[in-house]
Amino acid sequence: HLAELLMRDATFAMIVRLQSVWLPVAGVVTSYTPGIGSVPGFPATPGGVGIKSGITSEALGCDVMAYDTTVGRHDVQVLSVVLGQQSSAGDLGAAGHAALVLSIGAANHLHAWHVTTARRAVGSIGWGSRSVPVLATSTIIVPAFSSVEARTVIIDEPWPTSAVGKGRILATVFVTSGAYREVTTLVAAVSLTRASLWQRLR
């Protein structure tokens with residue numbers, strides 16, 4: 001959660017994308033996170049963002065990485081954390097490589113869930129043989145992940161029993177996929193009047 005909170009800060013997010021940064025006292029500090037073009041043997045990878053890498057004798061090589069991708073119409077940032085990485089080529093490099101592989105793997109399991117399309121019919125409403133299309137007022141496409149619950153809830157709106165006007169809201173659609181929340185309404189495409197008793201008897 002700490003990495004998620006830190007990446008919401010625009011200044012912090014800008015700094016960790018750099019290959020190197022000048023810090024007071026420490027001077028120029030180079031990132032050990034692969035994917036941003038600063039680690040030998042690891043070419044720049046689109047989407048790779050370095051957050052924090054470190055090494056101790058107890059924890060070995062560790063890395064916290066962000067990986068930017070696009071799913072549907074949404075920009076998505078995958079956060080990964082790896083600990084205890086070890087390699088004869090260097091523990092930090094091993095940690096960075098493991099974090100990058102984990103991030104790309106998670107991103108590849110994301111898919112776009114297309115729920116509604118603006119002005120496209122999702123059903124119809126009416127009486128007897130008379131009906132009119134019901135349209136969604138906006139397009140909803142959200143990222144979805146196989147292990148994260150995604151659901152749609154539709155709440156009907158009361159409507160008259162004798163007539164429905166064009167554009168009248170008939171229901172509200174609530175879409176949830178992980179942290180993403182989207183809402184749209186369903187409306188009547190055209191006006192419709194219920195046939196009178198005389199018209200139905202003819």
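Select S177 first: leaving aside its neighbours within four places in sequence, S177 is in contact (heavy atoms within 4.5 Å) with V142, P143, A144, E149 and A150. This is a predicted model, in which local features need pLDDT of at least 70, side-chain atom pairs count only at pLDDT 80 or more, and totals for chains, interfaces and linings use all residues. Residues are numbered from 1 along each chain as its sequence is written, and side-chain values use heavy atoms, with hydrogens and water left out.

S177 belongs to strand 12 (residues 169-177); helices (H or I, at least four residues) and strands (E, at least two) are DSSP runs, numbered from the N terminus. S177 is buried, its relative accessible area being 4%. Buried means under 20% relative accessible area, exposed over 50% and partly exposed in between, with a 1.4 Å probe and protein chains only.

Next, select V81, which is part of strand 5 (residues 74-85). V81 is exposed, with a relative accessible area of 52%. Apart from neighbours within four places in sequence, V81 has contacts with D63, V64 and L102.

Then move to V25, in the loop between strand 1 (20-23) and strand 2 (27-30). V25 is exposed, with a relative accessible area of 90%. The phi of V25 is near 75°, a positive value in a residue other than glycine. Most residues other than glycine have a negative phi.

Finish at R119, in the loop between strand 6 (110-116) and strand 7 (121-127). Here too phi is positive in a residue other than glycine, with a value near 65° for R119.
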